[in-house]
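Here is a short report on helix packing and salt bridges. Look over the sequence and the model first.

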Amino acid sequence: MIETVKHLVGSGGPSGFGSRSTAEHVTANCDLRSLTAIITGATSGIGAETARVLAKRGARLVIPARSLKTAEETKSRILSEFPDAEIIVMHLDLSSLASVRRFVADFESLHLPLNILINNAGKYAQKHAISEDGVEMTFATNYLGHFLLTKLLLKNMIETAEQTGVQGRIVNVTSVIHSWFSGDMLQYVADISRNNRNYDATRAYALSKLANVLHTIELSRILHKMDANVTANCVHPGIVRTRLTRDRDGLITDLVFFLTSKLLKSVPQAAATTCYVATSPRLRNVCGKYFSDCNEAWTSKSGSCNLKAQRLWTASELLVAPASTPNVYQTFNYLLANDAMYVPKPRLQRHSDQREMANAQKAFTIESLRTLAKQSFRCLVVPVRLRRAIKKYLREEDDPHIRKKVRQLSESFQEIKDSNLLLPETTAKRLADSMNSVEAKRWKIQTVYGDSGLQYRDGETAAYVASRMPAAYSVCYRVLTEIRRRLPGFKPTRKVNIVEPSQSMQRAGRDLLQGLKDLPLIHGYTSLLSLSQELNKKCRILNDKSERKHELVIASYVLGEIPSLKDRITMVRQLWDLTDDLLVLVEPGTPHGANIISQMRSYILWMENRKLRKKEKAEAGKEVLDLKSGAHIVAPCPHDGKCPLENTAKYCHFVQRLQRTSSQRSYKRTKGVPLRGFEDEKFCFVVFRRGQRPREPWPLDNIKLETLKEMRANRKPEDLEIDYEEFIKTQVVEVPYIDPRAQDSDITDEDEDELEKVEEEGEGTDEDEVEVEEAEEEGSGRASVGGGWGRIIFPPFRKGKQVTLDMCVPTNEEGSEGAFERRVITKSKNPHLHLQAKKSFWGDLWPLTTQQQEITKENKKVDAEWCRPNEDQKWGAWP
C-alpha cells in the first residue's frame, strides 16, 4: 500500500527520483559526448524517448530497426530538435538470428566503440506465430534475439571499457508482468514453438520478460567472473499506453486503462528508469539488479532464482548456436531430456569389487542413460541438397499429368495391400520343413501370383519421387541413425551395389545424386540374379569369395509388393547370403507389413540357429567357432526370442514424422486444400547381424536409484551448482535433420526456398560433420546391443506423477528370450527414472537391470492383447 501511494504521488526514493521523474530530469547532469549507444525498439514509444534524451545529452546513437523507413523518420525528428546529433540507422530484425548476426557484422565494420546497449524492443503477439528459426515469436523477439545481440556485442563493450576507462552499461527492459509466469519455462517455450494449442499471448509475454530478468542475473555473474568493467541491469519502465499495449485493443483493455489512468505514466516518465540506469554515475559497479521508478526493487521469486538463470542461459547458448539454428526442435528435446540441473549426482551401491563398480559407473550414469536411450526423432526435415535435387528432377521431367499419376500411384499401393491381405499365408515355421523345394527357386519379377511390385515407368517414377521418396528417406535415415548410435564402430566402406528392376528408377537415382562429392562408385543391377552373376564372376577372377559379401544390405519397402510368401523367403535368403554383417528390412507400418517383418525375423533366426547347431555338432572337439556363425537382432527387438506380440491383436510398428517438401504439398492435395506441413510415416523394421549376441553389463547394474525422499535427504547445495561454460563444452548435441518450423502451419514454396537459404548459410563443412561423428563415437558409452535395454513399443501414458510404459524386454542375460511388460514409473519411488520416462517417446529404449524385480501391480507382465488399444489415435495428437 505504501509503495502504491509513493507511486501515485511520485515521491522520490533513495536515488532522489520517483515515478513522476522524466528522462530529461534524471539525465540533467550527464554529459554523454564521445559515448556510443545502441537502442533497440527506438522507433516509437519508450525507446524513441530514450533515444531522444540520449541524443540531447550528446551520445552517438545507433538505431537498429526492422523498417528502415520508420527508423529514418525517427532520426529526422531527433535531428530537427538537435541538429548536431550523430545518428546511424541500421537494419535489424530481432526475431531472426541471422539478421542479428548480420547487424553485428555491419556494426563491427564501422569500427565504432560501444558504451551503452539498451535492449528495449518488445513485442506482444496476440496471435500465435513462429520465427524463421522455429521459436515462438514473442520469446524470439523479446528475449532470444536480445540474448544473441548482447552475446555478440559483449566483446566490443569490454574492449571499449578497457580502452576508455568508462564503464559499459547493458540495460534489459523487462516488466513487472514477469511475475505472472509460473511453470517450466523451457517446456512451455517448446510447447508453443511446436503448435498453438497451449498458446496464451499474455503468458508468452510474461515468459519473455521473466527471461529478460534471468538473463540479467546470469550475465552479471559472468561479467563478475570475467572481471569486466561492464554492468548489466534490468528495468521495469512502468505501465504506459504505447503501441505495444495498443496491439491488444478491445473493450475490456480500454476499460482497464481508463480506470487505471491515474496509475499510468507518460512516455517521458516511463523512459526515466531506462535512462537513469544507463547513465547515472551513482550506479557505477551496480550489477545484476532490478529497477523500477528509478530505484532498486524486488523481482518475483522465479526472477531471483540463480539456478533457473543458469538453466535458461545454457538453453539459450544452444538455441543460438549456428549448428543448432536449423534444429530447434531437436535442441528443445535434448535440453528437456538431458536436464541434469535439478538432479543430484547418483550414488553407487557398495560392492566388494571396487574396480567393477568404477567400470560400471564409467559406462553408465543416470544422465548418460537419457542420451543413450533416445532413439526416436520428433520431426525430420529432408536435407537441402535432396530437396533441391527433387525440385530439379521434377522440373526437368515437366510432366503435366503428375498430380494424376501421384493419385494413381497411391491407389496402386492400396490395391497391392488389399490383394496381399486376401492371400492365404502360412507361418515361417511351417515352411521350414519344405524349404528344400524353395531353395532351388530364384527370386524373379514374375511369380505364381502375377507381376510382383510395380513396373515404374518415367511417369510413375516422377510421381514416386514427388510424393513417396521423402517419407522413405526419412524412415531409412531414422533406422540407419539408430544403427550408428548402437554400433558406433560399424562403418561400411567396401562398395555400393543397387538392385532396381526399373531402368527409370535407376536413372532418377543417378539424377538425384548428381553433383555430390566423395561418393563411392555405385553399380546398378536390374535383378538379384544379375548381381549374383557379376559377383560370382569377380570371385572367380580374384579368387576371393569375400567379394560376394556386403557389410550392409538394405531392402526398403520391397517385400510387401511380393504377394507370394515363398518368393519373399527366397529373396530374403538371397539377401542374407549377400550379407557379411548387417541386413536391414523395412516395411510399411501396417498389420501386413508387421506380419512380413515378423515372418522374416522368425525364419532368419531359425535358419541360422539350425546352421549353428549343425556346426557345433560337427566341430564338437574344437574350442572356437566362426565369429560370423549364427545371427541376432540389433533393432528394434531387445532379444532373439519369440515375438511377444505374435498371435495378438497388436503389432510392432513405429512412426516417423517428417516435414513435407514443397513437391509433396504441391502434388498430394485433397480437393484443392493444402495439406498440413508434416506427415507421419508408419513403418516396421528389423536389423539382423551375423554372429552371436555379445554379453555386456546391463545399464542399471551397480547403480543405486534413490527414492525421492532419500534424494532430498542426501542432497547437498554444491550438487545443484553447475558451471555453464563447462556444461556447454561437455554436451554433444546431435544435429540430425530436424524440423525447425511450426509443424502445423502450411509452408509455401517461397518459405521453403528461404528455409533452404538459411540452412545453406548455417551448413557446416565436411570436416565439421566428421568432427560431430567422431564426437559421438567418443561418447561415454552406448546403448549396448548386448542386453539390458528394453524397447518402448507403444506411446507412453502419462498421468499425474506416474508414467506407464509398455515395453518389449529381454528376460535373460543372453537375450535369447523376451516378454511384453507394462511398467509404472512413479516419481516418489524413483525420481531419476521418472524424469527419463517423462521425456521418453514411442520407439526409445529403456534401461534395465539383471536383478530380478518383484512383480507387483505397478510392475508386472501383461497380456499385450489389451495394452494400448488406441495408440494410433494417440500418435495423431502427438506434437
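## A lysine–glutamate pair

Lys 289 is partly exposed, at 34% relative accessibility (buried means under 20% relative accessible area, exposed over 50%, partly exposed in between, with a 1.4 Å probe and protein chains only). Its side chain meets that of Glu 296 in a salt bridge, 4.0 Å from N to O. A salt bridge here is a side-chain nitrogen of Lys or Arg within 4 Å of a carboxyl oxygen of Asp or Glu.

This is a predicted model: local features need pLDDT of at least 70, side-chain atom pairs count only at pLDDT 80 or more, and totals for chains, interfaces and linings use all residues. Residues are numbered from 1 along each chain as its sequence is written, and side-chain values use heavy atoms, without hydrogens and water.

## Other salt bridges

The whole structure holds 24 salt bridges. One joins Arg 468 and Glu 681 at 3.1 Å, N to O. The two lie 213 residues apart: Arg 468 in the loop between helices H20 and H21, Glu 681 in strand E19. Helices (H or I, at least four residues) and strands (E, at least two) are DSSP runs, numbered from the N terminus. Arg 468 is buried at 16%. Glu 681 is buried at 9%.

Glu 608 and Lys 611 form another, at 3.7 Å, N to O. They sit 3 residues apart in helix H25, so about one helical turn separates them. Glu 608 is buried at 4%, whereas Lys 611 is partly exposed at 40%. Shared partners also join Glu 24, Glu 49, Arg 52, Lys 56 and Glu 81 into one salt-bridge network.
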